[in-house]
Amino acid sequence: MNFIEVLRDSLSRLIDSTGFVQGNWENYVMLLVSFVLFYLAIAKKFEPLLLLPIAFGMMLVNIPGGYATLYAEGGEGQAGGLLYYLYMGVDKVIFPPLIFLGIGAMTDFGPLIANPKSLLMGAGAQLGIFITFIGAILLGFKGAAAAAIAIIGGADGPTAIWLTQMLKQTELLPTIAIAAYSYMALIPIIQPPLMKLLTTKKERSIRMGQLRPVTKTQKIVFPIAVTAICGLFLPSALPLIGMLMLGNLLKESTVTERLAKTASNELINIVTILLGVVVGSKAVGTTFLSGVTLLVIALGLVAFCFGTIGGLLIGKLMCKLSGGKINPLIGSAGVSAVPMAARVSQKVGQDEVPDNYLLMHAMGPNVAGVIGSAVAAGILFAFFG
């Protein structure tokens with residue numbers, strides 16, 4: 001073989017290895033989707049800490065040839081690619097509980113302890129999960145798949161990933177995770193119309209009194225008591241509830257300041273990057289673009305909307321029973337997107353009365369929603385796991 005033939009053969013192999021030759025239309029559609037997510041994360045600042053890594057992982061694997069390089073799933077004795085090993089954190093359900101550890105270390109349960117009734121609004125916001133579960137069953141999904149889809153209504157990405165993986169619904173994981181995080185990011189757009197539709201101007205204008213002080217002892221006892229009670233009644237929820245409360249105890253005890261700072265900063269940041277990238281990397285065009293994907297995304301929106309509605313309805317009921325002392329807007333914060341949902345409650349309230357401050361009152365249902373979504377996930381896992 002002469003030099004010209006060798007050169008021609010080498011060039012031919014080089015060209016065949018490029019993405020331009022290997023690609024298909026599904027890959028390019030998903031690349032466009034990743035660019036949209038980049039725009040939402042960077043330009044619109046919609047949950048950038050989550051959407052940006054997800055979008056990047058999606059872009060990586062949809063560059064033709066990228067999936068094979070990054071995963072390189074070989075047989076026994078053969079090394080896998082970078083994402084093959086990073087994905088073990090999702091496959092073995094390690095990343096979501098670690099995220100909950102960090103969330104716990106950043107969360108102040110004081111507003112919930114000061115007003116325990118707000119737990120009812122957090123529970124009411126789980127309505128979307130159970131309505132969507134029934135809807136998914138009616139549409140032909142099996143029990144485990146319906147449960148995994150329904151948990152999107154909790155507006156909690158780590159919980160959605162945990163339950164989906166625990167129920168072995170791996171094929172639905174990218175769609176469910178992306179839907180959960182996307183709807184979390186779109187809370188400022190989705191929730192206000194529902195809040196204004198279901199409440200009156202008079203209700204939205206209600207001012208609430210200052211919350212009572214919460215002692216250090218109460219804040220320390222709370223995570224221990226919640227873990228013990230939830231564990232005894234629902235052991236299947238312990239991976240999430242336990243890590244959430246451990247993180248909070250590290251913070252509130254004040255004797256493990258270094259550990260609390262690590263959990264709420266370095267640890268959760270590292271795990272968020274890895275979780276986002278590997279979840280996004282499973283959204284490969286050839287498998288992601290299907291009718292099932294569109295149906296799951298639609299059901300996720302239904303779940304999220306009914307979650308907001310459930311919290312608002314409980315808020316309205318409590319408003320009536322309290323003689324107009326509770327602003328029902330705080331019920332919408334019962335979905336567990338902390339603290340964005342509480343901020344939306346505050347903003348919609350201030351649209352009516354500019355100097356009305358509902359944020360701390362809304363944080364009660366908001367943190368209750370975190371507990372509620374984890375408990376709901378534990379119940380669904382106990383039924384279908």
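Colleague: What share of the contacts in the protein with a separation of 6 or more comes from residues 24 or more positions apart?

Modeller: A contact means heavy atoms within 4.5 Å. Here, residues 24 or more positions apart account for 77% of the contacts with a separation of 6 or more. Keep in mind that this is a predicted model, where local features need pLDDT of at least 70, side-chain atom pairs count only at pLDDT 80 or more, and totals for chains, interfaces and linings use all residues. Residues are numbered from 1 along each chain as its sequence is written, and side-chain values use heavy atoms, with hydrogens and water left out.

Colleague: Nice! How many helices and strands does the protein have?

Modeller: Both are DSSP runs, numbered from the N terminus: helices are H or I with at least four residues, strands E with at least two. This protein has 23 helices and 0 strands.

Colleague: And what share of the residues is buried?

Modeller: Buried means under 20% relative accessible area, with a 1.4 Å probe and protein chains only. In this model, 54% of the 385 residues are buried. Cysteine 230 belongs to the buried group, with a relative accessible area of 16%. Cysteine 319 is buried too, at 7%.

Colleague: Since you mention cysteines, how many disulfides does a search of the whole structure find?

Modeller: A disulfide is a covalent bond between the sulfur atoms of two cysteines. The search counts a pair of cysteine sulfur atoms within 2.5 Å, and across the whole structure it finds 0 disulfides.

Colleague: Last one: what box do the C-alpha atoms fill?

Modeller: Taken along the principal axes, the box is roughly 90 × 45 × 40 Å.

Definitions and conventions. Buried means under 20% relative accessible area, exposed over 50%, partly exposed in between (1.4 Å probe, protein chains only).
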